[in-house]
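Have the structure open while you read.

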Amino acid sequence: MQATTLITFLLLSAVVAFWIARQRSMDMGRSQGGLSILHSRPSYYGSLAAILATIPSLILFLLWQSFEGSLVNTLVMAQLPSTYTSGDTNPGLVYSQITNIANGLAKTDDPNLTNAARHYDQLMDLGLTLRTVVLVSVTLLGLTLGWRLARPKIKSRVYVEKVLQFFLLFCSSIAILTTAGIVLSVLFEAIRFFNMVPVTDFIFGTQWSPQIALRADQEGASGAFGAIPLFTGTLMISFIAMLIAAPVGLMSAIYLAEYASPRVRNIVKPVLEVLAGIPTVVYGFFAALTAAPLIRDIAHSVGLESASAESALAAGLIMGIMIIPFVSSLSDDVINAVPQALRDGSLGLGATRSETILNVVIPAALPGIVGGLLLAVSRAIGETMIVVMAAGLSANLTANPLESVTTVTVQIVTLLVGDQEFDSPKTLAAFALGLTLFVVTLVLNFVALRIVKKYREQYD
């Protein structure tokens with residue numbers, strides 16, 4: 001039985017188990033004086049039977065799929081002579097050749113490989129048969145047990161809720177472990193980088209040239225990994241973007257929530273949120289073909305000859321337009337969530353609408369507004385495509401927004417493009433940059449929480 005057929009069988013078994021256990025509990029309840037004699041509702045008895053019929057089999061199926069490949073690999077390679085697994089021979093390539101022969105994708109005259117391919121087919125057929133027998137047996141056993149447990153005194157609701165709690169805990173653990181795995185993997189590679197390049201040179205260095213020379217006498221043979229130009233470029237573009245997105249997004253949210261009529265709101269809000277659905281590469285094309293040349297021509301017309309065709313100003317302006325919906329939509333939702341009684345009380349005391357918005361609504365919605373701004377900052381820091389197309393790849397240490405700059409995320413992509421070996425400072429520098437972004441984001445979140453805790457208004 002193939003995997004898809006087996007999954008279909010498990011789903012059908014769950015439906016059958018639910019129906020027969022539910023029906024059995026209802027029949028037993030009616031025969032003993034009514035459904036009130038049951039400890040739980042009939043649906044809980046059915047759910048318990050469905051869980052017993054499917055969950056153990058599904059766990060066994062996942063374990064089988066996880067370990068079957070490595071077990072078959074070990075058994076097949078153990079049959080081959082040592083010449084196929086020793087010396088300069090790559091066992092992985094040999095095993096791939098065997099599987100290709102077994103699947104009819106390759107041919108060989110080597111009798112050892114032919115026998116190994118035949119052995120591989122036998123093992124796979126045996127494993128398929130054993131898997132089908134074991135999983136069908138476990139499913140039928142669970143279905144029978146669930147049917148027998150459909151009795152009035154069985155606390156099926158308690159068992160089902162415990163299973164659901166364990167499932168929710170499992171999902172939470174996956175999220176936590178995934179986060180921990182990402183952080184540890186980045187941290188491990190970053191430590192390897194800092195063993196090659198001093199931390200002080202990376203954080204306080206002003207030259208970024210990560211290429212590794214081919215000759216010892218070539219200039220910059222050891223590379224330059226000072227990340228200050230990347231940090232300044234990232235901060236400059238993000239700052240320009242927030243100068244556009246924060247006021248425009250917040251003011252548009254205030255207008256839509258407090259001043260616009262329902263008809264205007266129903267038209268303007270979807271149109272504004274369309275900006276969030278435009279791919280970033282489209283913004284990048286617009287910035288590279290329209291915004292950047294326009295900014296350069298305007299700068300040249302007023303005597304600023306140093307303006308480049310690729311500039312931080314062009315990338316920041318277009319990025320600010322792109323993240324306006326993030327600020328606007330979240331701020332609008334938060335402002336609408338402020339109780340209407342607060343507005344009515346302020347207006348009843350004689351305050352104007354603008355005074356009510358400034359002194360009552362905004363303080364009450366401040367946590368959500370700060371959250372929206374943080375999301376926008378994270379979006380700006382993490383953007384890559386617009387920066388590549390509009391700001392360039394030059395790691396310039398400059399405060400002039402009309403010059404070409406680059407960002408941390410762009411350099412991470414650049415360093416990891418192509419066939420790279422993870423034993424050189426050039427490649428490992430990407431992980432150091434990623435760790436730096438993680439720390440900066442963590443600090444920003446901490447500062448934002450402190451600000452919200454200090455200045456937010458609380459209402460009973």
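A residue is called buried when its relative accessible area is under 20%, exposed when over 50%, and partly exposed in between, using a 1.4 Å probe and protein chains only. This is a predicted model, where local features need pLDDT of at least 70 and side-chain atom pairs count only at pLDDT 80 or more, while totals for chains, interfaces and linings use all residues. Residues are numbered from 1 along each chain as its sequence is written, and side-chain values use heavy atoms, with hydrogens and water left out.

Let's start with the rings. Two rings of Phe, Tyr or Trp (its six-membered ring) pair if their centres lie within 6.5 Å; planes under 30 degrees apart are stacked, over 60 edge-to-face, and the rest tilted.

| Pair | Centre to centre | Angle between planes | Type |
|---|---|---|---|
| Phe193 and Phe194 | 5.4 Å | 65 degrees | edge-to-face |
| Phe194 and Phe202 | 5.6 Å | 70 degrees | edge-to-face |

How accessible are these residues? Phe193 has 0% relative accessibility, so it counts as buried. Phe202 is buried too, at 1%, whereas Phe194, at 21%, counts as partly exposed. Ring pairs join Phe193, Phe194 and Phe202 with Trp208, Phe225 and Phe231 in a cluster.

Phe193 is also one of the buried residues of H5, along with Ser156, Val160, Glu189 and Ala190. Helices here are DSSP runs (H or I, at least four residues), numbered from the N terminus. H5 has 41 residues and spans 60 Å from its first C-alpha to its last, close to the expected 60 Å; the expected span is 1.5 Å times one less than the number of residues.

Now the pockets. On a 1 Å grid over the protein atoms alone, a pocket is an open set of points with protein on both sides within 12 Å along at least five of seven lines, and lining residues have an atom within 4 Å of a point. The largest pocket has a volume of about 430 Å³, and helices H2 (42–79) and H5 (156–196) each give two or more residues to its lining. H2 supplies the largest share, 7 residues. The lining divides into 12 nonpolar, no polar and no charged residues.

The second largest pocket has a volume of about 300 Å³. Its lining has 14 residues, with Leu235, Ser238, Ile381, Val440 and Leu444 nearest the centre.

Methods: 1 Å grid on protein atoms, 1.4 Å probe; cavity = no way out; pocket = protein on both sides within 12 Å on 5 of 7 lines; lining within 4 Å. Points joined across faces, edges and corners; volume = space filled by probe spheres on them. Nonpolar A, V, L, I, M, F, W, Y, C, P; charged D, E, K, R; others polar.
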